[in-house]
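Please have a look at the structure below before reading on.

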Amino acid sequence: MTGSQGPPGLQQPVSAGIVAALVGYTSSFAVVITGLTAVGATPGQAASGLLALCVAQAVGMWWLSRRHRMPLILVWSTPGVALLAGTGSLDGGWPVAIGAFLVAGAAYVVTGLWPALGRLISLIPTPIAQAMLAGVVLELCLAPVTALTENPGAIVPIAAVWLVGMRVAPRWAVPAAFVAAGVVIGVDMVRQGSTISGSSLLPELSLTAPAWSWAAMIGIALPLYVVTMASQNVPGVAIMKSLGYAVPWRSSMVTAGVSTMAAATAGGPSVNLAAISAALAAGPPAGPDPGRRWIAAQSAAATYLVLAVASAALAALVAVAPAGVIATVAGLALLGTLADALSSALTESAGREAAAITFLVAASGISALGIGSAFWALVAGLVVHLVLDLRPARRP
């Protein structure tokens, strides 16, 4: 074996980890920036949040994979940041969002240390949790449609590249759409004669003191926790089990929670177990020897540290994008999430009414008592579920 091929057994897991990180990052960083901006972050604070997430999850997965010799991948919660985009800014602005991120992180720690909390969350019917997620991301997924009518010259190339990517290499369709968006932004900057300040390209953490409000705890922290557990942590464990790995639940949840809390004051909303990225790093592409695939998580961690440096530049690029461009990339990135959530919510006929009500309330975008629609969707869905579940059984 030549030196360029690397040591035996390393090439495949190292490359698998790099691919997992690149796909995870480029497929959804636009959703992260969109969500953080929606709850009150400035462009600089959104860039800081992206940087903090990259570093926190890199350190967390390095520790977990090295300790347990498993390809345990940590990522940000794409459904969670999509939920933020649908929630919008609350009274108190960015500081109360920071407080909610800290509470969500603490909840992950408690879930790891106190199994009863995990069992309590598991009592929420999966169709209701998935219907809430579908309703939350619906507006973002509609963005490419509305943007197409308002700015077709910018949106058509992005959508076309995404469509070709879905046909040729689905895993890279969204990253390819982002590259197309970058070209569109560059062309627009040339036409407008605008530039990006060099200082804005340098990564920088922006720390914010947290503030606390019940509206943020109920409207952000609770839905963020529920949707992340239901759509990231639990599926992540199931995927790893299907690949032959028994995830150390307590250690993983505590590490995810501590990582979330470490990133929170810099703007990072949630670090959690990966689902899709787990399959990339823990499956056969990471090598024939399952005992060596933990190296893929080490490689992914190193890659995320490199990508963290790009956070400010990407946020600066987002800030000068033409109307609808970034919303289109974010919407395309969430189409798979929407499809999976709707499928999980409505496949079974039993409980379909409760799931439909949950979806409609979440998609409505209503706000009552300063609390967003995600929480009220959970309440409405659970009430309908409980009432209908008490119906007397039909006689044959």
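How many nonpolar, polar and charged residues does the lining of the largest pocket have? It has 22 nonpolar, 13 polar and two charged residues, where Ala, Val, Leu, Ile, Met, Phe, Trp, Tyr, Cys and Pro count as nonpolar, Asp, Glu, Lys and Arg as charged, and the others, Gly among them, as polar.

This is a predicted model, in which local features need pLDDT of at least 70, side-chain atom pairs count only at pLDDT 80 or more, and totals for chains, interfaces and linings use all residues. Residues are numbered from 1 along each chain as its sequence is written, and side-chain values use heavy atoms, without hydrogens and water.

**Terms**
- On a 1 Å grid over the protein atoms alone, a cavity is a set of points where a 1.4 Å probe fits but cannot get out, a pocket is an open set with protein on both sides within 12 Å along at least five of seven lines, and lining residues have an atom within 4 Å of a point.
- Points are joined across faces, edges and corners, and a volume is the space filled by probe spheres set on them.
- Helices are DSSP runs (H or I, at least four residues), numbered from the N terminus.

**Largest pocket**
- Its volume is about 950 Å³.
- Among its 37 lining residues, Ile 276, Ala 333, Gly 336, Thr 337 and Asp 340 lie nearest the centre.
- Helix H15 (residues 335–346) gives the largest share of this lining, seven residues.

**Cavities**
- There are two cavities of 30 Å³ or more.
- The largest cavity holds about 80 Å³ of space.
- The second largest cavity holds about 40 Å³, and its lining has eight nonpolar, one polar and no charged residues.

Terms used
Helix = DSSP H or I, 4+ residues; strand = E, 2+ residues; numbered from the N terminus.
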